[in-house]
Amino acid sequence: MSYPAEAGRVSATYHPAEDTRSVRLNSGTLASFVAPGSATEGEFGLFRWDMPAGSGGPAAHFHRTFSESFYVLAGTVRLFGGTDWVEATAGDFLYVPRGGVHAFRNDSADPASMLILFAPGAPRERYFDELAEIGAAGRTLSYDEWTELFARHDQYRAEP
């Protein structure tokens with residue numbers, strides 16, 4: 001990695017907590033878009049994931065164009081790295097490179113929180129907006145409709 005020879009520039013942007021947009025998913029999870037790719041010039045995206053007890057999570061899947069990392073803040077989150085599930089607690093971290101099969105869930109009797117970092121900063125917030133809209137409308141999608149939704153957002157099932 002090379003570093004610029006310039007003296008630096010004033011370029012930081014401050015984002016107060018009250019400006020963070022969140023959506024509530026059907027599971028009760030609150031997804032907060034702490035630093036979406038639109039705020040980081042596409043470098044990365046950072047979301048906070050606050051899951052109620054027993055809220056579950058997505059099935060095993062992968063992404064073709066971005067990596068994803070999970071950092072547990074509180075509670076117990078089950079993390080799947082492609083072969084085994086682990087019971088991750090505060091301070092535990094899982095890195096999933098592009099194309100890596102993964103999943104996560106809160107099956108515990110307690111709430112859990114984690115940070116999800118993806119790089120580069122794909123516009124993932126639209127995917128979660130759509131999930132919230134589907135849940136709020138009480139819609140049930142067919143297998144093919146889910147497949148199309150996933151594909152539009154670079155998410156692919158890891159079929160057994």
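Tyrosine 71 has phenylalanine 93 as its bridge partner in strand S8. That pair is a handy way into this predicted model, in which local features need pLDDT of at least 70 and side-chain atom pairs count only at pLDDT 80 or more, while totals for chains, interfaces and linings use all residues. Residues are numbered from 1 along each chain as its sequence is written, and side-chain values use heavy atoms, with hydrogens and water left out.

Strand S5 (residues 67-74) and S8 pair in the antiparallel sense over 4 bridges; two strands pair if DSSP finds at least two bridges between them. In general, strands of a sheet pair through backbone hydrogen bonds, either parallel or antiparallel. S5 and S8 belong to an open sheet of 6 strands, ordered S1-S2-S3-S10-S5-S8 with antiparallel pairing. Strand S1 (21-24) and strand S8 (93-96) form the edges with a single partner strand each, so one side of each has no neighbour in the sheet. On average, neighbouring strands here are turned by 20 degrees against each other, direction ignored.

A further open sheet has 3 strands in the order S7-S6-S9, again with antiparallel pairing. Its edge strands, S7 (85-89) and S9 (103-105), each pair on one side only. The twist from one strand to the next averages 25 degrees. Strand S6 (residues 76-80) and S7 pair in the antiparallel sense over 5 bridges, and threonine 76 has threonine 89 of S7 as its bridge partner.

Now to the helices. Helix H1 (residues 125-137) and helix H2 (residues 143-152) pack at about 155 degrees, with their axes 10 Å apart. Axes are lines fitted to C-alpha atoms, for helices over the stretch in contact, and angles run from 0 to 180 degrees between N-to-C directions. H1 and H2 are therefore roughly antiparallel (over 145 degrees). Tyr127, Glu130, Leu131 and Ile134 of H1 meet Trp146, Leu149, Phe150 and Arg152 of H2 in this contact, where contact means heavy atoms within 4.5 Å. H1 also lies across S1, strand S2 (30-35) and strand S3 (45-51), running at about 35 degrees to S1.

Altogether, the protein has 2 helices and 11 strands; helices (H or I, at least four residues) and strands (E, at least two) are DSSP runs, numbered from the N terminus. From the N terminus on, the elements follow the order β-β-β-β-β-β-β-β-β-β-α-α-β. The C-alpha atoms fill a box of roughly 55 × 35 × 30 Å, taken along the principal axes.

Technical notes. Angles under 35 degrees count as roughly parallel, over 145 as roughly antiparallel, 65 to 115 as roughly perpendicular and the rest as oblique.
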